[in-house]
Amino acid sequence: MPLSRDVYAELEQVVGPRHISDKPWILAGVRAAQPSSPMKPPSPEAVLLPGSAAEIQQIVRICNRHGIRYIATISSLIGFAYPSGPGTIILQLKRMNQLVEVNAQDRYAVIEPGVRHGQLRTELMKHGLTYPVAAVGPGGSVLANFACSSGDNHCQHGASRTNRYLLGLEWVTPEGELVRVGSLANDAGWFCADGPGPSLRGIIKGFVGQWSGMGVVTRIAIGLDAWRGPPELPTQGRSPSYRMRLDPACHKTFVFKFPTLEQARDAMIAIGEAEIAQAVLKYFNASAALLATESANEFWELWDSGLFQRELARPLYVFLSAWTHEELEYEECVLRDIIAEFGGADVDERIQRIYSDNMDFYILVGALQRVLRLGGGWAPCKLSGDSIGHMFEVGKAIPEFITPFIEQGRILDAPDNWQIIPLEYGHSAHIELLFLYDRNQPDWGKVPMDFMRASMQADIRNGHHGTMPLRTVAASQAIGALFSNAHMWANRVKDAFDPQRVSNPF
Amino acid sequence: MNQLADFRHTMQSCNHCGQCKWVLGPKTRGYDFAEICPIHMQFHFDAYSGQGLLHIAQELLDGELQYDPGLRDLVYSCTACGACDTNCKSIRDMEVLDTILALRAKLVEDGQGPMPQYARMAEAMARTHNIYGRPHAERAAWAGEPAGLSATTSQPAPVAYFAGCATSYQRPDIARNTVRILEAAGIAHTVLGADEHCCGGPLWRTGQIDAAARQVQENLDALQRRGVQTIVTSCAECFGTLRGFYPRVADFPFEVKHISEIVQEALDAGRLRFSKPLQTTLTWHDPCLLGRLSEPYVPWQGEIKAFGRHVPAKAWRRGQQGVYDAPRRVLGAIAGIEVVEMVRNEENALCCGGGGGVREAFPEQAQVTAAERIREATATGADTLVSSCPFCQDTFEDGLARQPGAMRYRDFTQLVVDAL
């Protein structure tokens with residue numbers, strides 16, 4: 001439903017004429033198709049730049065009054081940031097960008113939606129603190145990741161997933177009420193997500209977030225971890241050839257290979273039991289090759305050599321980060337014992353050198369956007385979480401459905417391009433399968449949906465918790481039974497809080 | 001010259017990651033000074049960014065977007081500083097700035113651009129060969145005084161000093177200082193004098209390609225008549241245009257050097273020495289066209305095959321080889337000078353705000369960016385902001401006039417001459 005001039009005027013009254021537009025050239029900036037998809041999203045009716053929670057409350061109430069859908073976004077990186085149907089307005093929360101507080105004593109930071117990973121990470125380093133930074137580049141919104149979605153970080157072995165870090169928060173409900181959640185509700189500060197009685201945190205977040213489908217989160221506090229590195233990134237070189245090595249007396253990276261996935265799995269579990277290492281990853285191999293090169297042509301030269309396929313089919317990447325050299329030596333001794341016990345070996349020296357020289361950069365800052373370099377045809381798959389053992393079962397089953405796609409030439413021949421990140425020293429884990437396809441092929445647009453469907457069907461056949469339930473109705477219905485029919489509960493909650501279904505509905 | 005349609009791959013490859021708006025992760029130093037796109041940090045809508053301009057370009061090509069004065073203003077509000085381009089190319093194989101410039105060229109081709117100020121500039125240039133419409137006969141007037149600048153000759157020489165419009169007409173001290181430096185270094189050189197035309201940069205960057213190409217040809221003829229092999233500039237705009245635009249429209253067999261590189265080489269070879277200390281703490285502003293946009297352009301004609309493979313391989317301009325070290329090393333070699341760095345430096349430098357014609361068409365917008373850059377420079381503790389671009393100088397001096405006592409601006413050549 002297009003906005004009437006009267007409604008537009010109402011919204012303009014709230015944010016001011018400089019912060020709203022329905023000009024076609026402004027809307028063109030937020031309605032382009034993702035390169036991974038053949039489908040262009042519907043154009044929003046307007047884009048607004050609210051400046052406060054109070055303005056958002058007013059906007060949301062106007063939307064409820066007139067039946068207008070709204071989506072709150074920041075960086076607009078993922079597909080859920082775009083309208084799923086006509087009659088939608090976009091609230092870009094970029095102007096709400098205050099780093100409200102860094103509480104080094106109680107180890108939390110309070111932020112607004114517009115604070116970006118690049119900003120918060122480096123600001124916290126000055127205080128000797130850090131947090132799980134999603135590998136989405138410096139422009140990703142911290143709040144969006146912690147409150148509304150769930151991008152992962154390479155160091156979650158020694159940390160955890162974002163839902164564990166969310167503390168007090170301020171929330172504009174889908175109907176426009178301002179609610180303070182957790183300790184904040186009792187004027188007790190931001191330090192805790194929960195107060196007496198049932199917790200609202202799960203309404204907003206859960207294991208994954210609601211992608212702006214449950215109102216607008218306007219401020220959050222996140223818990224912080226200790227940062228063992230220097231107060232400033234020790235960057236050398238110029239784009240794109242940056243190098244970043246932390247003090248080698250306290251920080252060291254390793255890449256090992258294993259004869260079988262079971263041995264890699266057992267080593268990963270043992271490293272967690274020993275409570276050593278900041279990062280442990282069964283990492284992608286094609287993505288690793290993309291990270292190690294600076295152009296698509298360089299990637300192809302490396303990939304065609306077969307080195308990464310041979311050496312990194314079943315790897316473990318380990319990043320040790322210690323306070324002292326003695327601590328590092330201890331961790332390395334333990335690590336070497338574990339690797340030997342489970343049959344691991346050092347990878348080819350050429351690969352080890354790449355990561356010894358620069359793993360700190362890849363691990364800590366992340367340049368994962370380089371996987372987009374091959375032209376846009378890529379998508380992540382699986383994305384769910386469970387125990388380490390279960391995640392490896394999911395990984396072992398990948399050939400069941402990936403092989404036909406490779407044999408038909410529909411995706412890049414990279415069956416081992418998947419990762420498992422353990423969380424909290426092995427209490428659970430996360431899996432992600434990244435597949436790349438060629439936009440030059442005539443039917444390229446069918447590839448992502450066909451592939452994800454095949455992946456999901458394999459999970460259903462095997463009873464695997466591999467595919468994260470998406471917010472699309474069909475996917476939720478297909479996979480929901482594997483997840484306690486969580487989508488049905490989510491729908492009931494949605495009905496209760498958003499009876500008009502105006503907050504980013506699907 | 002590539003047309004807008006040649007950049008389809010870039011437009012279709014953008015996945016809205018936002019890297020075009022933010023300082024690269026390894027170079028970020030905290031909450032402050034983390035944004036990099038001058039227009040996005042002012043207007044906040046995605047349309048005002050490299051990402052947004054790619055999407056606009058695609059919709060125009062596809063006939064989904066119609067021309068409108070507001071659209072034209074948006075396209076020309078971009079300073080064409082190339083920060084989006086360098087940052088995107090840190091992780092991708094895309095040509096963001098070339099797409100934006102091709103979009104401007106399309107607006108001109110379709111009769112929808114440029115901004116009236118730039119059209120007037122082109123008219124003036126056709127008559128007077130300079131961007132100001134000043135008499136061509138006055139172009140080399142800077143060389144007439146003070147007496148004693150013996151090298152202001154039009155005789156053939158392997159080295160030519162290319163002064164440029166802004167220096168010749170507005171900042172003659174820079175030209176005189178440059179000649180003094182060349183003389184002190186013992187470098188025989190020629191100046192083009194009345195044969196020098198505008199480098200064409202302001203026309204290229206506002207989409208007026210045919211008019212720019214005419215300036216190129218005039219200058220190439222003059223350079224070839226004098227047997228020139230190396231062109232020396234003291235203006236970032238000319239420097240970046242000579243290296244980045246000329247090879248797109250003509251054979252360009254010349255080496256182009258910035259005066260800071262000449263000084264560095266002379267210092268290293270012992271042909272130049274600083275004798276006077278200068279007590280100052282300064283910070284160096286990397287002009288876009290001297291830094292990230294100054295890499296030589298290597299023409300590429302080929303095909304983008306499956307999964308981004310470029311056949312033949314392409315020489316990417318990722319901003320890595322800009323002139324970053326020479327001015328810093330030279331200034332740091334002057335006794336008494338301390339060089340301190342802004343957060344956004346080298347390939348991640350923030351534009352002065354006036355580039356791409358923005359100072360002429362949108363002066364207030366330019367001043368918002370300039371104020372931000374001056375704030376960043378002030379935060380270093382420096383008392384002097386130094387650069388080597390008369391256009392940046394204009395923008396900064398406008399900004400500093402609004403902040404009396406904040407700091408002062410000095411051109412690179414002035415400090416070098418003061419220290420000789």
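Which residues does A:Tyr70 touch, not counting residues up to four places away in sequence? In this predicted model, A:Tyr70 touches A:Ile59, A:Val60, A:Cys63, A:Thr88, A:Ile89, A:Leu91, A:Val502 and A:Ser503.

A:Tyr70 belongs to the largest nonpolar core, which has 204 residues. Within this core, the residues that touch the most other members are A:Leu48, A:Tyr70, A:Leu91, A:Ala147, A:Ile220 and A:Ile222. Chain B contributes as well: its helix 6, residues 96–109, supplies nine residues, the largest share of this core. In soluble globular proteins, nonpolar side chains tend to be buried together.

The contact between the two chains was examined next. On chain A, 57 residues are in contact with chain B, and on chain B, 52 residues take part. Four helices of chain A each supply at least two residues to the side that touches chain B: helix 2 (24–27), helix 4 (117–125), helix 9 (296–305) and helix 12 (349–365). Helix 4 of chain A gives the most, with four residues. By class, this side of chain A holds 25 nonpolar, 21 polar and 11 charged residues.

Two helix pairs illustrate the packing within the chains. In chain B, helix 3 (residues 50–61) packs against helix 6 at an angle of about 50°, and their axes lie 10 Å apart. Helix 3 of chain B is therefore oblique to helix 6 of chain B. Their crossing is left-handed. Helix 3 of chain B makes the contact through B:Gly50, B:Leu53, B:Leu54 and B:Ala57. Helix 6 of chain B answers with B:Val96, B:Thr99, B:Ile100 and B:Leu103. Six residues of this contact are nonpolar, two are polar and none is charged.

In chain A, helix 7 (residues 261–273) packs with helix 11 (residues 325–341) at an angle of about 155°. The axes of these helices are 9 Å apart. Angles over 145 degrees count as roughly antiparallel, so helix 7 of chain A is roughly antiparallel to helix 11 of chain A. The crossing of helix 7 of chain A with helix 11 of chain A is right-handed. From helix 7 of chain A, A:Ala267, A:Ala270 and A:Ile271 meet A:Leu335, A:Ile338 and A:Ile339 of helix 11 of chain A. This contact comprises six nonpolar residues, with no polar and no charged ones.

Notes. Residues are numbered from 1 along each chain as its sequence is written. Chains are lettered from A and ligands numbered from 1 in the order in which they are written. This is a predicted model: local features need pLDDT of at least 70, side-chain atom pairs count only at pLDDT 80 or more; totals for chains, interfaces and linings use all residues. A nonpolar core is a set of buried Ala, Val, Leu, Ile, Met, Phe, Trp, Tyr and Cys residues joined through C-beta atoms within 7 Å. A residue is buried if 20 or more other C-beta atoms lie within 10 Å of its own, exposed if 12 or fewer, and partly exposed in between; C-beta atoms are placed from the backbone. Two residues are in contact if their C-beta atoms, placed from the backbone, lie within 7 Å. Axes are lines fitted to C-alpha atoms, for helices over the stretch in contact, and angles run from 0 to 180 degrees between N-to-C directions. Angles under 35 degrees count as roughly parallel, over 145 as roughly antiparallel, 65 to 115 as roughly perpendicular and the rest as oblique. A crossing is left-handed if the near helix is turned anticlockwise from the far one by less than a right angle, and right-handed if clockwise. Ala, Val, Leu, Ile, Met, Phe, Trp, Tyr, Cys and Pro count as nonpolar, Asp, Glu, Lys and Arg as charged, and the others, Gly among them, as polar.
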